[in-house]
Amino acid sequence: MKRKYIASLLCVCLLLCNLSMIQGKRAQAGKVYLTSKAVTIIKGQYAFIGLKGTNSKVKWRVAGGNIKIHETNKNSGKTCKYCYIKAVHTGTGTLKCIVNNRILKCKVNVLSKSAFIGDFSDDAGEVYLDIFKSGKKYVAFYSQFRLAKLDWLEGTVKNGILTLNGRDSADNPVTVTLSCKDNKRIFTFKKTTWEYFTQGSTIELKKCKGKEGYEKALHGFGLYYNSYI
């Protein structure tokens with residue numbers, strides 16, 4: 001009886017361990033995701049999609065002829081995994097990330113032109129603003145080299161002005177606007193308590209062309225893309 005009891009106890013313990021391992025693997029697998037499920041960019045420009053939650057080897061693929069892969073970091077053991085894609089034709093495409101026998105997808109919408117969608121920078125190349133369309137809203141990421149960054153500013157266009165709301169690094173609310181003036185974009189801090197900026201201050205930006213936006217993004221890589229990876 002004693003031996004049967006011990007054997008039964010061991011079986012129960014083994015079953016519980018297996019269940020725990022399975023649940024742990026499922027939980028770990030559920031954390032693997034792309035930083036964007038959908039992005040909108042204009043023809044000739046670049047988009048960045050990161051992969052989080054795994055050190056496994058990955059493969060990047062594109063479906064459709066409207067986008068192509070420009071550069072990737074897919075090495076095993078790297079916590080920073082990403083893919084740059086370039087928009088070559090207007091229309092839609094799909095970026096696929098194959099990891100651990102799973103296929104993660106990001107839908108890409110390529111537009112011919114837009115007043116606000118795209119990459120923007122100042123003349124000194126120290127300020128970088130990336131804006132894309134997310135459903136009916138616009139989403140923006142702002143970085144200023146070696147100074148500050150703003151992640152996931154979200155808003156809409158009204159009377160020709162894009163108003164974006166979000167939170168700064170101190171988790172305080174911030175409101176900014178982007179308006180058009182000839183070929184320039186006027187970036188204005190409408191509401192902020194951030195020490196780096198004064199309320200009402202403006203920065204003149206211009207839209208980057210082609211690879212220029214990609215290169216400026218790399219210039220501020222350590223600051224800007226930490227929000228993705």
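I take buried to mean under 20% relative accessible area, exposed to mean over 50%, and partly exposed to mean in between, with a 1.4 Å probe and protein chains only. By that scale I noted glutamate 154 as partly exposed, at 28% relative accessibility.

**Ground rules.** I am working with a predicted model, in which local features need pLDDT of at least 70 and side-chain atom pairs count only at pLDDT 80 or more, while totals for chains, interfaces and linings use all residues. Residues are numbered from 1 along each chain as its sequence is written, and side-chain values use heavy atoms, with hydrogens and water left out.

**The barrel.** I looked up the strands, which are DSSP runs of E with at least two residues, numbered from the N terminus, and I counted two strands as paired if DSSP finds at least two bridges between them. I found a closed barrel of eight strands, running β9-β10-β11-β12-β13-β14-β15-β16 with antiparallel pairing. The twist from one strand to the next averages 30°, where axes are lines fitted to C-alpha atoms and angles run from 0 to 180 degrees between N-to-C directions.

**Around β11.** I then followed strand β11, residues 137–144, and noted that seven of its eight residues are buried. On one side, β11 runs antiparallel to strand β10 (residues 127–134), with eight bridges joining the two. β10 and β11 form a hairpin with two residues between them, and glycine 135 in the turn has a positive phi of about 70°. β11 also pairs with strand β12 (residues 148–158), in the antiparallel sense and over six bridges. That hairpin has three residues between its strands, and there I saw arginine 146 take a positive phi near 60°.

Which residues face tyrosine 142 of β11 across these pairings? Leucine 129 stands opposite tyrosine 142, and in β12 the bridge partner of tyrosine 142 is leucine 150. I kept in mind that in a regular strand the side chains alternate between the two faces of the sheet.

**Aromatic rings.** I counted rings of Phe, Tyr and Trp (its six-membered ring) as a pair if their centres lie within 6.5 Å, and called planes under 30 degrees apart stacked, over 60 edge-to-face and the rest tilted. By this rule I have 13 aromatic pairs. One of them is the stacked pair of phenylalanine 132 and phenylalanine 141, at 6.2 Å centre to centre with 15° between the planes, and both of these residues are buried. The rings of phenylalanine 189 and phenylalanine 197 have their centres 4.1 Å apart and their planes at 15°, so this pair is stacked. Both phenylalanine 189 and phenylalanine 197 are buried. I also found that ring pairs link Tyr142, Phe187, Phe189, Trp194 and Phe197 into a cluster.

For charges I used a separate rule, by which a charge sits over a ring if NZ of Lys or CZ of Arg is within 6 Å of the ring centre and within 35 degrees of the ring normal. Lysine 133 lies over the face of tyrosine 138, at 5.2 Å from the ring centre.

**Salt bridges.** I took a salt bridge to be a side-chain nitrogen of Lys or Arg within 4 Å of a carboxyl oxygen of Asp or Glu, and on that basis the structure holds four. One joins lysine 184 and aspartate 123, at 3.7 Å from N to O. This pair links distant parts of the chain, with lysine 184 in strand β15 and aspartate 123 in the loop between β9 (118–121) and β10, 61 residues apart. Lysine 184 is partly exposed at 25% relative accessible area, whereas aspartate 123 counts as exposed at 59%.

In another, glutamate 154 meets lysine 137, the closest N and O atoms being 3.3 Å apart. Glutamate 154 lies in strand β12 and lysine 137 in strand β11, so the pair ties together parts that are 17 residues apart in sequence. Lysine 137 is partly exposed, at 38%. I also listed the bridge between lysine 149 and aspartate 151, at 3.9 Å from N to O; lysine 149 is partly exposed at 21%, and aspartate 151 is partly exposed at 30%.

**Cysteines.** How many disulfides does the structure hold? Taking a disulfide as a pair of cysteine sulfur atoms within 2.5 Å, I found zero. For cysteine 83, the nearest cysteine sulfur is that of cysteine 97, 8.3 Å away. Cysteine 83 is buried, with a relative accessible area of 0%, whereas cysteine 180 is partly exposed at 40%. The bridge partner of cysteine 180 in β15 is arginine 185, and seven bridges join strand β14 (residues 173–181) to the antiparallel strand β15 (residues 184–191).

Definitions and conventions:
Helix = DSSP H or I, 4+ residues; strand = E, 2+ residues; numbered from the N terminus.
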